[in-house]
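This report describes how one chain is packed against another, and what lies around selected residues. Please read it alongside the sequence and the coordinates.

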Amino acid sequence: MHALANPARFLRIARPTTAWLLAIGLVLAIGGIAAGLTLTPPDYLQGETVRILYIHVPSAWLGMAGWLGIAAASVSQLVWRHPLGAVAGRAVAPAGATFAAICLITGSIWGRPTWGTWWEWDGRLTSMLVLFFLYLGYIALGSAEKERGGEGRITAIYGLVGAINLPIIHYSVLWWRTLHQGESIGLTGSSIDNAILWPLPLTMVGFTCLFGAAALMRMRAELAEAKVEARMRRMGA
Amino acid sequence: MNPWPFVVGAYSVAIVLTAALLLWSYASMRRAEAAADALKRK
């Protein structure tokens, strides 16, 4: 990670990586979506609505992974004073917020025909909504601190404190057994039949690559903006 | 209840929001890098 502390070296790696992530992400996400919509059978209980799984699960994973990235960036900034820590945190936040929103909306759409309701104040749904609002707070705080010329330390502390919500989201289906189903996909296996499950890894990896591409593009934008600002300041002095 | 409007609706939301995120990120990157390059040439 320290090898990337030099922005010039980071940009040398980030430029080709962005294009690769975009290309791989588009191929896998489109392939996974097409397979999920046309090649898999309907579920015996949920019928065709089970197909929402292929976008809902990746967005839930990325909503949470985004905040994990923010927490890691916050640690690197607060502990090692990594020069790209604040930039990385601010770059990840819009992508994380977008996927948290996709997770909430697709879950709500899935809930209507499956549970008979658009929304319920269930542990999993509520903690995911809290995560979305945490993202909005992080984006607002990050841009306010950047505008005032701060180092982003308050935003980093907020990012670390907000990470408390991640285990709450993960264990919510075990702590409060209300409406949302329990864990059906774990590290060791899944209760979903392989005939339905197989396109999910494609959309998981595909959307993760697209998330990475969006975050890298935002980092490159922030670094270019900082370069312009520094040069303008030197020219004005 | 016909499930397809729900499936189509969910996929539309996911595709539109992901595309908007990528286009916005790309546009802001291109704009910022073009401004930095223009300033370097001055």
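## Helix α1 of chain A

Two residues are taken to be in contact if their C-beta atoms, placed from the backbone, lie within 7 Å. On that basis, and bearing in mind that this is a predicted model, what covers the buried residues of α1(A) includes α2 and α8 of chain A as well as α1 of chain B. The buried residues in question are Phe10(A), Thr18(A), Leu21(A), Leu22(A), Gly25(A), Leu28(A), Ala29(A), Gly32(A), Ile33(A) and Gly36(A).

Helix α1 of chain A covers residues 7-38, and its 32 residues, at 1.5 Å a residue, should span 46 Å, which agrees with the 44 Å that separates its end C-alpha atoms. The helix has a kink of about 30° at Ala14(A), shortly before the proline Pro16(A).

Chain B contains one helix and zero strands, and its C-alpha atoms fill a box of roughly 65 × 5 × 5 Å along the principal axes. Of its 42 residues, 29% count as buried.

The contact between the chains draws 31 residues from chain A and 23 residues from chain B. On the side of chain A that touches chain B, α2 (53-80), α3 (85-115) and α8 (200-236) each supply at least two residues, and the largest share, 12 residues, comes from α8(A).

## Packing of α3(A) against α1(B)

The axes of α3(A) and of helix α1 (residues 4-41) of chain B are 9 Å apart and meet at an angle of about 175°. Because angles over 145 degrees count as roughly antiparallel, α3(A) is roughly antiparallel to α1(B).

From α3(A), the residues making this contact include Ala95(A), Thr98(A), Ile102(A), Ile105(A), Ile109(A) and Trp110(A), while those from α1(B) include Phe6(B), Ala10(B), Val13(B), Leu17(B) and Leu21(B). The residues of the contact divide into 14 nonpolar, three polar and one charged.

## Surroundings of Ile169(A)

Ile169(A) is located in helix α6 (residues 165-175) of chain A, and it counts as buried because it has 21 C-beta neighbours inside 10 Å, where the cut-off is 20 or more.

Leaving aside neighbours within four places in sequence, Ile169(A) is in contact with Met64(A), Arg124(A), Ser127(A), Met128(A) and Leu131(A). The C-alpha atom of Ile169(A) also lies 9.9 Å from that of Leu129(A), a residue 40 residues apart from it along the chain.

Technical notes:
Residues numbered from 1 in each chain as written. Chains lettered and ligands numbered in written order. Predicted model: local features only at pLDDT ≥ 70, side-chain atom pairs only at ≥ 80, totals over all residues. Helix = DSSP H or I, 4+ residues; strand = E, 2+ residues; numbered from the N terminus. Buried ≥ 20, exposed ≤ 12 C-beta atoms within 10 Å, placed from the backbone. Axes fitted to C-alpha atoms, helices over the stretch in contact; angles between N-to-C directions. Parallel < 35°, antiparallel > 145°, perpendicular 65-115°, else oblique. Nonpolar A, V, L, I, M, F, W, Y, C, P; charged D, E, K, R; others polar. Expected span 1.5 Å × (residues − 1). Bend = angle between axes of the 7 residues up to and from the residue.
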